[in-house]
Amino acid sequence: MNMCGIAGIIHPPQAKADPGRLRSMIDRIRHRGPDECAVYAKDRVGLAHARLSIIDLASGQQPMHNDTGTVSIVFNGEIFNYVELREKLIGKGHRFRTQSDTEVILRLYEDRGEACVHDLNGQWAFAIWDAEKQSLFLSRDRLGIAPLFYTQVDGAFIFASEIKAIFADSRVARRIDLAGLNELFTFWVNLPPRTFFRNINELPPGHSLTLRDGAVRLKRYWRLRYPDADQLSNEMSEDEYAERLLDLLVDSTRIRLRADVPVGAYLSGGLDSSVIAAIVRKFTETPLKTFSVTFRDAEFDESIHQREVAGALATEHREVPCSYEDIGRVFPRVVWHAEKPILRTAAGPLFILSQLVRESGYKVVLTGEGSDEIFGGYDIFKEAKIRRFWSARPESKMRPLLLKRLYPYLPMLQAQSPEYLKAFFHVADADLSSRLFSHLPRWELTSDLKMFFSNDVRRELEGTDPYADLERQLPEDYDGWDGFSRGQYLEAQYLLPGYLLSSQADRVAMAHSVEGRYPFLDHRVVEFANSIPPRLKMKVLNEKYILKRAARALVPEAIRKRSKQPYRAPEAKSFFNGGAQEYVQAALSPERIRSHGIFQPAAVDRLVEKVRRGQAIGIKDNMALVGVLSTQLALDQFIDHFGEVQ
Amino acid sequence: MKEILRQFICDNFLFGLQRDSFSDDDSLLEKRIIDSTGVLELIAFLEETFGVKVQDDELLPENLDSINRLVRYIEKKSKAAA
């Protein structure tokens, strides 16, 4: 198994692959695979691989070829059911040379062709060159855990795990896509295949791509599905749902412990990571080392709860403290790995945490990521439920007060009068009929940041409509789902891969050569969770109800009954606490703002002044500062001075 | 007073942009100029600049949600204090 970096170029016929070019591409992403590096160049095909060895350390080298040398693969990721698949293939007469999961994909492709992806349980991005068909086959896992990008230039098709490897090919123009910027300042993510960079595409989650005769064909092989609103039934009792879920989670965690190196786990102090750690301790013989990030600022710190779980499960626990200055210090590197503007600093502490994991001699960690999306844990789902509930009786004085209960950790909201609460969360008739109802408050708030865009950028974006672009991507049965499921879909289809699993997970973990594994994102767990009736996912306003029931015997009661605390990190304060870091001053200076041309210098200057005075206390101001700063840094690092990172 | 209020709202919430994008009667909430935090910033400004003390039961859009409403509210408070 190899959580790695891959890259490759398929040239037009008659052209020759250049090993030097491939080497420079893979060198850009050596952090993903520092253990080994290999380049394969034959005729018009070039494949490159940087390896972080996790399973079959001795013989899993890549690129790997079949017996006749006609099929070659580079693979980043993990196929967790490779043991079972291997046995099946051996039963069908396939002969294996290695113990690796890479070879399982190769043989499975020989056996089933492009349909091989349906059998895989795991997280992957791979490329298979089939010399007989003269075709390239790319595939990415169902939920979008492993990254994969591609472009075409001068008749060559270029792909890689990260965009910076594609930019290492000097033929590829490094320009930003303003429509991509507009999406990021609406949804926090891009709508794939669009990215922040012009002509650089992301292979969407659950998709495969075939390149033949210079033509690219995308195929969706899997997607999130929910039951129709009028066909919701309770096929099982609450206990039956909980039992079945626990069985699936135990198996999904068990196969995610397959590795020839020790596997650790993150502990956030919340329910999800606690459930995973508890399953490891109670259902397997595996000793467990756990890792947590703690904050000096009590507003964000959860160390009491982390220690409680670690103590109850008797794990060997390690912590890394994180200060405002630490977040500010690592932020340029976080942006370099994220490869796009980000509106929050929350990836910073996770960057610092993966460093602790690596320094502790670990390469693999289990995390609780994905649970909130599939079981409906996020406040955004609760907020939408309350807004719907309230709009059914708009004159009610009591219903809007539920909103206060929703955000106990936001002091600004607690200070509001009922009248203002009603005004803030007012549900307009047009919103109620919107297909994007659940997410409108977040996206409208984020879109407010566009007031900082320069006049040139605004002019360029005139007539564009990110909401309409998103609606065009919605699946045909979307409108038949109930409101809760629609909100879940938007979260799991977009924010999960585009931000949480990338900027806040794969990228910042891989920055230190650490691989994340996500038991909640086993597709069997996801498909089962999607079949649970929404009213049981969130029972009245009790989120993740079935998961909590499943975790009854696993997790200390105090953790199970804790009110949900979303993972947050200090924002603007990270950059101005005790004087601005030098790079922040430089990146936000009117000259640099003007030279990149994306934002209005005078407005940014006023924002910076407000932050400096300590008066930027709201979400919007904080998001604006982080968004402007990360955009400026991304433009410096990827456009003007490629690869120069502070 | 109107000018002081407009100046504060423009500087603090619009960062000097779109100075003329709202009238004295426009709802600051509906125009998306002020959010839940913004209301608190506004109150701090009123208390500091005009010496009024905003009571909890006065935290109402009808007092605070446009320039004209703010003017009326501050005048009423100042009279009551005099």
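**View 1. Strands S1(A) and S9(A) pair in the antiparallel sense.** In this predicted model, strand S1 (residues 5-10) of chain A joins S9(A) over four bridges; strands are DSSP runs of type E with at least two residues, helices are H or I runs of at least four, and both are numbered from the N terminus. Two strands count as paired if DSSP finds at least two bridges between them. Look for Ile9(A), whose bridge partner in S9(A) is Ile158(A). On numbering, residues count from 1 along each chain as its sequence is written, and chains are lettered from A, with ligands numbered from 1, in the order in which they are written. As for confidence, local features need pLDDT of at least 70, side-chain atom pairs count only at pLDDT 80 or more, and totals for chains, interfaces and linings use all residues.

**View 2. Strand S8(A) meets S9(A) in a hairpin.** Five bridges link S8 (residues 149-153) of chain A to S9(A), and the two run antiparallel. Gln152(A) stands opposite Phe157(A). Two residues lie between the strands, and Asp154(A) takes a positive phi near 50°. Four of the five residues of S9 (residues 156-160) are buried, so this strand is largely enclosed by the rest of the structure. Buried means that 20 or more other C-beta atoms, placed from the backbone, lie within 10 Å of the residue's own; 12 or fewer means exposed, and in between is partly exposed.

**View 3. Helix H6(A) and its packing partners.** The 18 residues of H6 (residues 238-255) should span 26 Å at 1.5 Å a residue, and the end C-alpha atoms are 26 Å apart, which agrees; the expected span is 1.5 Å times one less than the number of residues. Among its buried residues are Tyr241(A), Leu245(A), Leu249(A) and Ile255(A). The buried residues pack against several elements of chain A, including helix H7 (271-283) and strand S16 (364-366).

**View 4. Ile105(A) in the largest nonpolar core.** Such a core is a set of buried Ala, Val, Leu, Ile, Met, Phe, Trp, Tyr and Cys residues joined through C-beta atoms within 7 Å. Of its 185 residues, Ile105(A) and Ala127(A) touch the most other members. Helix H30 (residues 619-640) of chain A gives the most, with ten residues.

**View 5. Where chain A touches chain B.** Here 22 residues of chain A are in contact (C-beta atoms, placed from the backbone, within 7 Å) with 20 residues of chain B. H29(A) gives the most to the chain A side, with five residues.

Conventions. Contact = placed C-beta atoms within 7 Å.
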